[in-house]
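Here is a short report on one protein model. Look at the structure first, then read on.

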Amino acid sequence: MQSLLQSFPKITFFDILDVVLVAFIIYQLYNLIRGTIAANIFIGFAVIFALNFVVKALDMKLLTVILGKFVDVGIIAVIVVFQQEVRRFLLLVGKNASLQRNKAWWQYFFGKTEVEKNNYARIKPIIDACKSMKQTRTGALIVFAKYYDEQFYQNSCEVVDAKISKRLLESIFQKTSPLHDGAVVISENKIKSASCILPLTEKTDLPAQFGLRHRAGIGVTEANEATAIIISEETGELSYAKQGRVKMNISFAELEKVLNKDF
C-alpha cells in the first residue's frame, strides 16, 4: 500500500496554481469567442483535428496526408483566423479588464440595489430615445459593443466619444443629420462612434421586410460580442439582436429587461 502511494506524483502548490491559471485563460478565451462566428470556426478546427486522429488510427493514407496539411499549419491558421479575438485577449490583459469585472461582481453581490439603480440611470436615456423614435418612426440602429475594437469600428465610423443622452441619440438619427445613415456604437458607457457601416448577415431565412438596417444589426452580433437595437423606419417596430438571432416587436418593458442584463 505504501509503495502504491509512493508511485503517485507529488502535487505541489505550483501545480495547483498552474492548473488554475490555465483554466482561467481558457475561460477568458471562451468569453471572447462566445456568441460570435469565431466559436463556429473553433468547432470546425476541432472537428478537423479529431478526424485527423481517426484517419491516422484507421491507416487511411490519402485522408491522413490531406488533413495532415491542415494540422501542420494549425497554429498559423489559428492566428490568422482568430486575429480579432487574439487582439481582444491582449487588450483584455493590457487593460486588466478581469480585475474590473471581479470588482463589478463584488459590487453586485454586496451592493445589488445600488448597482441596479446606477444601471437604470445609464439605460434610461437610451429607452427614452427609443420611445421618441418609435413614435416618429425614425429608423435607428444602436449597437452595444462589449469590447470596442477600434480597428473594426473606427475604419467606417465618425468618432463621437460622448456621454449617452436622449437628445444626442435623437439628433444623430434625424433624417437631416449627416450621421443618420449608419449605426451608433455604445461601449464603456459612452457613445463611441456614429454613422458606422457594419457587415451584413449572410442569412437567407430572414423575413422579407428586413432591410439593410436589420441585416447589419444581425451581422454585427454574429461577428462581434455585441447586441443591437433596431428601429424600423416603416413601422416603428423595435427589434433586438443578439448572437445572430433577432427578437422582433419587443415592448419597452422587454427592452429595459434585456438592456439591464446585457448592457
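Predicted model: local features only at pLDDT ≥ 70, side-chain atom pairs only at ≥ 80, totals over all residues.

With 5 of its 5 residues buried, E3 is largely enclosed by the rest of the structure.

E3 has partners in the sheet. With E1 it pairs in the parallel sense, over 3 bridges. Here the bridge partner of Ile142 is Val184 in E3. With strand E4 (residues 190–196), E3 (residues 183–187) pairs in the antiparallel sense over 4 bridges. Val185 stands opposite Ser193 in E4. The hairpin of E3 and E4 has 2 residues between the strands, and Glu188 takes a positive phi near 55° there.

## The whole sheet

Strands of a sheet pair through backbone hydrogen bonds, and the pairing is either parallel or antiparallel. In what order do the 7 strands of the open sheet stand? The order is E2-E4-E3-E1-E5-E6-E7, and the pairing is mixed. Strand E2 (158–162) and strand E7 (245–248) stand at the edges. Each has a single partner strand, so one side of each is left without a neighbour in the sheet. Neighbouring strands of this sheet are turned by 20° against each other on average, direction ignored.

|---|---|---|
| E3 and E4 | 4 bridges | Val185 and Ser193 |
| E5 and E6 | 5 bridges | Ala228 and Ala241 |
| E6 and E7 | 4 bridges | Tyr240 and Lys247 |

E5 and E6 form a hairpin with 6 residues between them. In its turn, Gly236 has a positive phi of about 80°. The hairpin of E6 and E7 has 2 residues between the strands, and Gln243 takes a positive phi near 55°. E6 is mostly covered, with 4 of its 5 residues buried.

Helix H12 (residues 252–262) lies across strand E1 (140–145), strand E5 (226–231), strand E6 (238–242) and E7. H12 runs at about 25° to E6.

## Two nonpolar cores

Which residues have the most contacts inside the largest nonpolar core? They are Ile126, Ile186, Ile229, Leu255 and Leu259, in a core of 25 residues. Helix H8 (112–135), E1, helix H10 (166–173), E3, E4, E5, E6 and H12 each supply at least two residues of this core. The largest share, 6 residues, comes from H8.

Not counting residues up to four places away in sequence, Ile186 touches Ile126, Ile142, Val143, Phe144, Ala145, Ile164, Ile191 and Phe263.

## One disulfide

How many disulfides does the structure hold? It holds 1 disulfide. This bond joins Cys157 to Cys196, with an S to S distance of 2.0 Å. Cys157 lies in the loop between helix H9 (150–153) and E2, and Cys196 lies in strand E4, so the pair ties together parts that are 39 residues apart in sequence. The torsion about the S-S bond is about 130°, so the disulfide is right-handed. Are Cys157 and Cys196 buried or exposed? Both are buried.

Another cysteine, Cys130, is buried too, with a relative accessible area of 0%.

## A buried glutamate

Glu170 is found in helix H10. Is Glu170 buried or exposed? Its relative accessibility is 14%, so Glu170 counts as buried, because the cut-off for buried is under 20%. Leaving aside its neighbours within four places in sequence, Glu170 is in contact with Ala129 and Ser132.

Methods. Residues numbered from 1 in each chain as written. Heavy atoms only, no water. Pairing = 2+ DSSP bridges. Axes fitted to C-alpha atoms, helices over the stretch in contact; angles between N-to-C directions. Contact = heavy atoms within 4.5 Å. Disulfide = S-S within 2.5 Å. Buried < 20%, exposed > 50% of the residue type's maximum accessible area, 1.4 Å probe, protein only. Core = buried A, V, L, I, M, F, W, Y, C linked by side-chain atoms within 4.5 Å.
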